[in-house]
Amino acid sequence: MQEIDIYGKLSAIYPHDVILSDVSMKDYTTMKVGGIADFMVLADSVENIQKSVSLLYSLNVPYIIMGNGSNLVFSDQGYHGVIIKIGSGFSKTEVKEDIITAEAGASLTSVANLAMENSLSGLEFAYGIPGTIGGAAYMNAGAYGGEMKQVIIETLCIDKEGQYITLRGEEHNFSYRHSRIQNDELVCLKVKLKLNKADKEGIKAKMCELSAKRREKQPLSFPSAGSIFKRPPDSFAGKLIDECGLRGYRIGGAQISDKHCGFIINTGNATASDVLALIKHVQETVYNNFGKSLELEVKIIGG
Ligand SMILES: Cc1cc2nc3c(=O)[nH]c(=O)nc-3n(C[C@H](O)[C@H](O)[C@H](O)COP(=O)(O)OP(=O)(O)OC[C@H]3O[C@@H](n4cnc5c(N)ncnc54)[C@H](O)[C@@H]3O)c2cc1C
């Protein structure tokens with residue numbers, strides 16, 4: 001890729017201070033591993049996201065959409081292309097009766113808090129999931145019996161060519177950690193949630209309870225990308241991994257968490273290669289012991 005050209009093209013859309021070059025993905029992902037990305041733009045409007053997607057697509061320049069990087073592992077080789085980061089610069093929210101509309105970069109936890117402040121129930125499960133609402137719609141994020149599918153009524157998206165698409169209700173084709181946004185490689189720009197009026201103190205108490213559960217069960221003091229594997233049919237990835245004797249198993253700086261075997265943690269100096277080697281080892285061991293294939297929940301970029 002001709003660096004100067006890409007920078008020049010992006011400069012027509014974004015101010016210089018939000019076009020970053022040679023970006024260490026360690027600093028932008030919760031797993032804190034990965035090499036250097038050629039460019040990152042910090043998107044802050046529907047227009048600049050739409051323009052950059054259609055530009056990069058038409059130029060055949062690789063790009064990836066990123067929210068908070070809490071479900072992503074970049075390889076040590078980095079990324080030769082442009083990361084379009086949709087984060088705090090694009091995170092406005094609006095509450096109208098029992099509907100919350102949020103720009104894709106709003107953090108899930110802040111939207112859950114906003115819902116609580118407005119006595120709206122339905123997002124308690126999402127409190128503590130460290131992603132953006134756009135990433136959560138893409139992943140159909142869920143926890144403790146709740147999932148985004150239950151609350152999203154509409155999303156504004158764009159396709160690769162920059163065409164706007166509004167998805168409503170069942171058109172999202174949500175399933176376990178999957179959505180049409182993922183399937184059709186759309187970019188989610190805005191999310192509309194329908195919640196239910198309820199007692200604020202009750203909502204708050206539920207959020208506190210689930211947050212305490214997270215702290216008790218998950219290794220939150222170490223960098224990670226949450227659950228590495230999807231839940232296999234009729235079982236739990238963490239249980240299978242534990243039963244293979246892999247609790248605490250380590251390759252380089254990457255380790256199966258002692259606290260929750262479904263998490264791989266970065267003990268401090270892990271590389272993406274350590275994480276990927278550990279993933280492969282776990283998948284092979286679980287398959288050899290139980291004949292079950294563990295499918296990845298995290299998205300691996302490169303490698
Ligand atoms: C400690 C910890 C706990 C976690 N607990 C949970 C949990 O309980 N439940 C759960 O479901 N997940 C959990 N996760 C995983 C993660 O937080 C979710 O998958 C979250 O929804 C990812 O959002 P993100 O903004 O970080 O997305 P990213 O990691 O930035 O991206 C994930 C994927 O979504 C795509 N994407 C992101 N934003 C957009 C957008 N606006 N439009 C189109 N595509 C987009 C990216 O291209 C990528 O493929 C946890 C992670 C951690 C680190």
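Lysine 280 counts as exposed because its relative accessible area is 51%, where exposed means over 50%, buried under 20% and partly exposed in between (1.4 Å probe, protein chains only). Its salt-bridge partner is glutamate 284, with N and O 3.5 Å apart; a salt bridge here is a side-chain nitrogen of Lys or Arg within 4 Å of a carboxyl oxygen of Asp or Glu. Glutamate 284 is partly exposed, with a relative accessible area of 42%. Helices (H or I, at least four residues) and strands (E, at least two) are DSSP runs, numbered from the N terminus.

## Basis of the model

The model is predicted: local features need pLDDT of at least 70 and side-chain atom pairs count only at pLDDT 80 or more, while totals for chains, interfaces and linings use all residues. Residues are numbered from 1 along each chain as its sequence is written, and side-chain values use heavy atoms, with hydrogens and water left out.

## Other salt bridges

The count of salt bridges comes to 14. One of them joins lysine 160 to glutamate 185, the closest N and O atoms being 3.3 Å apart. This pair links distant parts of the chain, 25 residues apart: lysine 160 is in the loop between strand E11 (152-158) and strand E12 (164-168), and glutamate 185 is in the loop between H5 and strand E13 (187-194). Lysine 160 is partly exposed, at 29% relative accessibility.

Aspartate 242 and arginine 247 also form a salt bridge, at 2.9 Å from N to O. Aspartate 242 is partly exposed at 32% relative accessibility, and arginine 247 is likewise partly exposed, with a relative accessible area of 40%.

An open sheet is built from four strands in the order E15-E18-E17-E16, with antiparallel pairing; two strands pair if DSSP finds at least two bridges between them. Strand E15 (224-227) and strand E16 (250-251) are the edge strands, each pairing on one side only. E15 is joined to strand E18 (residues 263-266) by two bridges, and serine 224 has isoleucine 265 of E18 as its bridge partner.

Helix H8 (residues 272-290) lies across E16, strand E17 (254-256) and E18, and runs at about 30° to E17. Axes are lines fitted to C-alpha atoms, for helices over the stretch in contact, and angles run from 0 to 180 degrees between N-to-C directions. Contact means heavy atoms within 4.5 Å.

## Domains 2 and 3

The chain is assigned to domain 1 (3-89), domain 2 (91-215) and domain 3 (219-301), with bounds from an automatic or database domain assignment. The centres of domain 2 and domain 3, taken over C-alpha atoms, are 27 Å apart. Seven residues from domain 2 and six residues from domain 3 take part in the contact. About 630 Å² is buried between these domains, and carbon and sulfur atoms give 53% of that area; buried area is the accessible area (1.4 Å probe) that two parts lose on being put together, summed over both. Tyr176, Arg177 and Arg215 supply 65% of the area that domain 2 buries against domain 3, more than any other three residues.

One salt bridge is counted between domain 2 and domain 3. Arginine 177 forms a salt bridge with glutamate 297, at 3.5 Å between the closest N and O atoms. Arg177 is also among the residues touched by glutamine 182, together with Tyr138, Met139 and Lys299, not counting residues up to four places away in sequence. Glutamine 182 is found in helix H5 (residues 180-183) and counts as buried, at 10% relative accessibility.
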